[in-house]
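Here are some friendly notes to read with the model open beside you. Take the points in order and find each residue on screen as you go.

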Amino acid sequence: MILRAFLLVVIAAAVSGVAQAQQYRWLDQNGKLQFSDSPPPPGAKDVRRTNITTAKPAPAQQPFEVARLQKDFPVTLYTSPPCKEGCELARGALNKRGVPFKEVQVFDPDTNEELKRVSGALEVPTLQVGRSVQRGFEQGAFDSLLDSARYPRAGLLPPGTQAAPSAPEGYVSPSDRPAAPQAEPVKPEPEEKASGPYAPGAPSQRSQKK
């Protein structure tokens, strides 16, 4: 037990880490004792500098159960750069429950093919939990899918803060794309009028002989 406790202390210290800070002590012009973490002003007397060791807070660790669920039922959210409201709602629903997830932006042939293979359609947002898929955002459907994988309900875990990713490299928004060429009808060429004694509208040959 003693060895185990010692190891836990060592591990905690290694995880938390330490930080060095400097503190200054001096007498001001009125002879009053001052303390500060920044150098004293000119004219300070009896200046003393000391190093203070402070422990950094240990990063929050995911509960063991959530880590196991991530392995057995990984959560992936498929979105796209033009998808705004629906994808924001889907992302917010996962953050609210504190569910760790991977976000894949669908924007090119490869990601289109991946989404089609996963869900059988090209629709975002799409949520995949393990092998189960929910196309389109619907709060009840999202919750049911996460509940079936036994992810903790909202309020039991700290809420997540995962934001929308930046546009992937190579993506061009529809407003910045060149306009598609428009088909224009071919203008008919003007017909040449026939001439000669037999052309339409020419005077009859008989009338000329008279």
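Among contacts in the chain between residues at least 6 apart in sequence, what percentage join residues at least 24 apart? Keep that question in mind for the first point.

1. **The chain as a whole.** Please remember throughout that this is a predicted model. The answer to the opening question is 60%: that share of the contacts between residues at least 6 apart in sequence joins residues at least 24 apart. The chain has 210 residues, and 26% of them are buried. You can pick out six helices and seven strands. Reading from the N terminus, their order is α-β-β-β-α-β-α-β-α-β-β-α-α.

2. **The sheet.** Look next for an open sheet of four strands, ordered β5-β4-β6-β7, with mixed pairing. β5 and β7 are the edge strands; each has a single partner strand, so one side of each has no neighbour in the sheet. On average, neighbouring strands here are turned by 20 degrees against each other, if direction is ignored. As background, strands of a sheet pair through backbone hydrogen bonds, and they can do so parallel or antiparallel.

3. **Strand β6 and its two neighbours.** β6 covers residues 126-129. On one hand, four bridges join β6 to β4 (residues 75-79), and the two strands run antiparallel. On the other, four bridges join β6 to β7 (residues 132-135), again in an antiparallel arrangement. Thr126, for its part, stands opposite Arg135 in β7. The hairpin of β6 and β7 has two residues between the strands, and Gly130 takes a positive phi near 65 degrees there.

4. **Two covered faces.** Are the side chains of β6 buried or exposed? In a regular strand, side chains alternate between the two faces of the sheet. In β6, Thr126 and Gln128 lie on one side, Leu127 and Val129 on the other, and all four are buried, so both faces of this strand are covered.

5. **Helices across the sheet.** Helix α3 lies across β4, β5 and β6, and runs at about 165 degrees to β4. Helix α5 lies across β4, β6 and β7, running at about 170 degrees to β7.

6. **A closer look at α3.** This helix spans residues 85-97, which makes 13 residues. From its first C-alpha to its last it reaches 19 Å, close to the 18 Å expected at 1.5 Å a residue. Which residues of α3 are buried? They are Cys87, Ala90, Arg91, Ala93, Leu94, Asn95 and Arg97. An α-helix has 3.6 residues a turn, so residues three or four places apart point the same way. The buried residues of α3 pack against β4, β5, β6 and α5. Just after the helix, Gly98 takes a positive phi of about 70 degrees.

7. **The disulfide.** The count comes to one disulfide. It joins Cys83 and Cys87, whose sulfur atoms are 2.0 Å apart. The torsion about their S-S bond is about 110 degrees, so this disulfide is right-handed. Are its two cysteines buried or exposed? Cys83 has a relative accessible area of 19%, and buried means under 20%, so Cys83 counts as buried. Cys87 is buried too, with a value of 0%.

8. **The aromatic pairs.** There are two aromatic pairs to find. Phe107 and Tyr171 form an edge-to-face pair, with 6.4 Å from centre to centre and 85 degrees between the planes. This pair links distant parts of the chain, 64 residues apart: Phe107 sits in the loop between β5 and α4, Tyr171 in the loop between α5 and α6. Phe107 is partly exposed at 28% relative accessible area, whereas Tyr171 counts as buried at 18%. In the other pair, the ring centres of Phe137 and Phe142 are 5.0 Å apart and their planes stand at 75 degrees, so this pair is edge-to-face as well. Phe137 is partly exposed, at 26%, and Phe142 is buried, at 1%.

Technical notes
Residues are numbered from 1 along each chain as its sequence is written. This is a predicted model: local features need pLDDT of at least 70, side-chain atom pairs count only at pLDDT 80 or more; totals for chains, interfaces and linings use all residues. Side-chain values use heavy atoms; hydrogens and water are left out. Buried means under 20% relative accessible area, exposed over 50%, partly exposed in between (1.4 Å probe, protein chains only). Two strands pair if DSSP finds at least two bridges between them. A disulfide is a pair of cysteine sulfur atoms within 2.5 Å. Rings of Phe, Tyr and Trp (its six-membered ring) pair if their centres lie within 6.5 Å; planes under 30 degrees apart count as stacked, over 60 as edge-to-face and the rest as tilted. The expected span of a helix is 1.5 Å times one less than its number of residues. Contact means heavy atoms within 4.5 Å. Axes are lines fitted to C-alpha atoms, for helices over the stretch in contact, and angles run from 0 to 180 degrees between N-to-C directions.
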